[in-house]
Amino acid sequence: MSKAVIIPAAGSGSRFGSATPKQYLSLKATPLLVRTLSIFTQMPEVGPIIVAVSPSMLEQAKEMIEDYHPRRVIVCEGGTERQYSIASCLAHPALDSTDFVMVHDAVRPFATPALIRRLLNGAKSHGACIPGLPLSDTTKEIDEKGIVLHTHPRERLRRIQTPQVFRTSLLRDAYEFVNSKKILTTDDASVVEAFGQPVFVIDGDEHNFKITTQSDWDQAERIIDSGIVDAINLRFIGSH
């Protein structure tokens, strides 16, 4: 069962408030993108890892990744939307011989091998598997004036994380479908859903959060300092 990884890293991260996209900033002396990549480069069962970056950061990304992960990572040019970056990566010939592909946010540095392997097992059984967390707060839908339209039963709602794992052929077909229909989605599971295929959800991990704001960054630093995350996620190739 061959496995590949796609990391969309072409975003500008405008909500973070930094001139440099946050995936290139150093989190405790190591670039955030490199920390995320290290999760997969240390898993022997993982094959090709493709990173999509913006054209303006292409050379910088190649140099940075080569310093930490030589020969393990393919860097390609991403699109103006996340969806287009993923589609570009899916077309790469390195994926032609893979059975499963994982898509993971560049700014989620704390996914664990245990979570990834559970997702792979789910995708093997169901074709598509994603991690989700239950909601603790009541969730209400409102209209444009801020008036409540509906209160949703939270027992059936989930906050969805990455990595999201799919049979490679399924995700390729689903992306071809949504792009031909000019359907824009917010995550890869939505692409498969729009294609009419079921997506299986397993329990996610609270530590596997997405770094979006400065507050998230501060939390990530505290996690690294505390040693909460398994050391396998915080080791890096070479002497860095």
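1. Proline 163 sits in the loop between strand S10 (158–160) and S11. Helices (H or I, at least four residues) and strands (E, at least two) are DSSP runs, numbered from the N terminus. The peptide bond joining threonine 162 and proline 163 is cis, with omega about 5°. In general, most peptide bonds are trans, and most residues other than glycine have a negative phi.

2. This is a predicted model, in which local features need pLDDT of at least 70, side-chain atom pairs count only at pLDDT 80 or more, and totals for chains, interfaces and linings use all residues. Residues are numbered from 1 along each chain as its sequence is written, and side-chain values use heavy atoms, with hydrogens and water left out.

3. pLDDT is the predictor's confidence in each residue, from 0 to 100. The protein has a mean pLDDT of 91, and 92% of its residues reach 70 or more. Over residues 234–240 pLDDT stays under 50, and the model has 15 contacts beyond four places in sequence for them. Contact means heavy atoms within 4.5 Å. Where pLDDT is low, the predicted coordinates should not be read in detail.

4. Two lysines have a positive phi. For lysine 28, phi is near 55°; lysine 28 lies in the loop between strand S2 (26–27) and strand S3 (30–31). For lysine 182, phi is about 60°, and its place is the loop between helix H5 (168–180) and H6. Buried means under 20% relative accessible area, exposed over 50%, and partly exposed in between (1.4 Å probe, protein chains only). Lysine 28 is therefore partly exposed at 36%, whereas lysine 182 is exposed at 74%.

5. Strand S11 (residues 164–167) pairs with S6 in the antiparallel sense over four bridges. Two strands pair if DSSP finds at least two bridges between them. Valine 101 has phenylalanine 166 in S11 as its bridge partner. S11 also pairs with strand S7 (residues 128–134), in the antiparallel sense and over two bridges. Here cysteine 129 stands opposite valine 165 of S11.

6. Helix H1 (residues 32–41) includes threonine 41. H1 is mostly covered, with 10 of its 10 residues buried. Threonine 41 counts as buried because its relative accessibility is 7%. A polar atom of its side chain lies 3.5 Å from the backbone oxygen of serine 38.

7. A nonpolar core is a set of buried Ala, Val, Leu, Ile, Met, Phe, Trp, Tyr and Cys residues joined through side-chain atoms within 4.5 Å. The largest one has 34 residues, and Ile7, Leu33, Phe40 and Val51 have the most contacts inside it. Among the elements that each supply at least two residues of this core are strand S1 (3–9), H1 and helix H4 (113–126). A second, separate core has 22 residues, including Cys76, Cys89, Tyr175 and Val178. Beyond four places in sequence, the contacts of isoleucine 7 include Leu33, Phe40, Val51 and His104.

8. Serine 54 is in the loop between S4 and H2. Its relative accessible area is 15%, so serine 54 is buried. Leaving aside neighbours within four places in sequence, serine 54 is in contact with Ala9 and Ala10.

9. Proline 198 is in the loop between helix H6 (188–194) and strand S12 (200–203). With a relative accessible area of 58%, proline 198 is exposed. Not counting residues up to four places away in sequence, proline 198 touches Ala128 and Val192. Proline 198 and histidine 126 are 72 residues apart in sequence, and 7.9 Å apart in space from C-alpha to C-alpha.

Technical notes. A polar contact is a pair of N or O atoms within 3.5 Å; within protein, one must be able to donate a hydrogen and the other to accept it, and residues adjacent in sequence count only if both atoms are side-chain atoms.
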